[in-house]
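Okay, everyone, thanks for coming. Let me put the structure up and walk you through a few spots.

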Amino acid sequence: MSMREQFVRTTTEAMETDPRVALVLAEISADRFTDALDRHADRVFNVGIREQAMVGVAGGLALAGMRPVLHSITPFVVERPFEQLKLDLGHQGVGAIAVSTGASYDYPTAGRTHMAPGDVALIDTLPGWTVHVPGHPDEVDALLSREFGHDDPAYLRLSDRANAEPLVTGPGWHPVRHGRDGVVLAVGPMLTPVLAATAAMDVTVLYAATIRPFDADGLRAAVRAASPDVVLVEPYLRGTSTHEVAEALADTPHRVLSLGVRRDRELRAYGTADEHEAAHGLGPTGIAGEVAHFLHGVGKRVA
């Protein structure tokens, strides 16, 4: 089962048991929610290819006491309707559960219009949002289910890229491996390539599927036990959480290497998701070279 399929199942089941849960779509995945539409037509809204309206409708439902879930491909749920996220939700003091699919480059054959590596950075400009970045389909259910019980804004970032195994669904950094030479932070589906890249290195590896709120205490504890050299590996725009690391370690002299989707150029070739991953240095080979160079000044850095 994919992350997207688990999202559909969890949301459909929630609508069976919680009359507050409503679903707002903009065509994307409408064919996957036919059961929900058949059973709860009064709580499933497909506004067509009108993403700004999708968020506006969700804001209205939230003001009426409902718990709306809104869903589309990443740029269509974050970038295109960003002003509505800011105003129709945030400025009105209400929340919704925004769920994206496609991550940074899961649909490369559709071109740049379907890529949004800056989504979490944009959400990070809005106060009070929880951000989940599951690394495996089995983590989606618990991450999403906990959001139905309150009214705060939350963003769930689904991807076709997944770790070999599920790990955690709770908040915070979770130790996967202990070492002395540095602390490597792996977010969501970056854990498997990070583990492969650092297999021969004496480093601590921490994993998080929830990146906002940022677990500053967990990072500080890991740095005290290992080293103040931190490598941050995120599956979206490089450096998105660097400011969080800096704030967490404000009283500790430290170094940070941030890895993620590159900022210095835009990839305009369609290609495959694997090719995009390699071009951004997010495969095991690219990560290994960057980490080795950062920690020890050896190895070949990604060009």
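So, to start: where is P213 found? P213 is in the loop between β10 (210–212) and α9 (216–225). Keep in mind that this is a predicted model. Most peptide bonds are trans, and most residues other than glycine have a negative phi.

On the phi side, there are two spots to look at. S29, in the loop between β1 and α2 (34–39), has a positive phi, near 70°. A103 sits in the loop between β4 (97–101) and α6 (119–123), and its phi is positive too, near 50°. S29 has 3% relative accessibility, so it counts as buried; A103 is at 4%, so it counts as buried as well.

E234, in strand β11 (residues 229–237), is buried but has no salt bridge. The nearest side chain of opposite charge is R212, and that's 5.1 Å away. What E234 does have is a polar atom of its side chain 3.4 Å from the backbone nitrogen of T240. Its contacts also include V187, I211 and L282.

Last stop, helix α3, residues 51–63. Its buried residues include E51, M54, V55 and A58. After α3 comes G65, with a positive phi near 95°.

Conventions:
Residues numbered from 1 in each chain as written. Predicted model: local features only at pLDDT ≥ 70, side-chain atom pairs only at ≥ 80, totals over all residues. Heavy atoms only, no water. Helix = DSSP H or I, 4+ residues; strand = E, 2+ residues; numbered from the N terminus. Buried < 20%, exposed > 50% of the residue type's maximum accessible area, 1.4 Å probe, protein only. Lys, Arg positive; Asp, Glu negative; His and termini not counted. Salt bridge = Lys/Arg side-chain N within 4 Å of Asp/Glu carboxyl O. Polar contact = N/O pair within 3.5 Å; in protein donor to acceptor, adjacent residues only side chain to side chain. Contact = heavy atoms within 4.5 Å. Expected span 1.5 Å × (residues − 1). Lists of a residue's contacts leave out its neighbours within four places in sequence.
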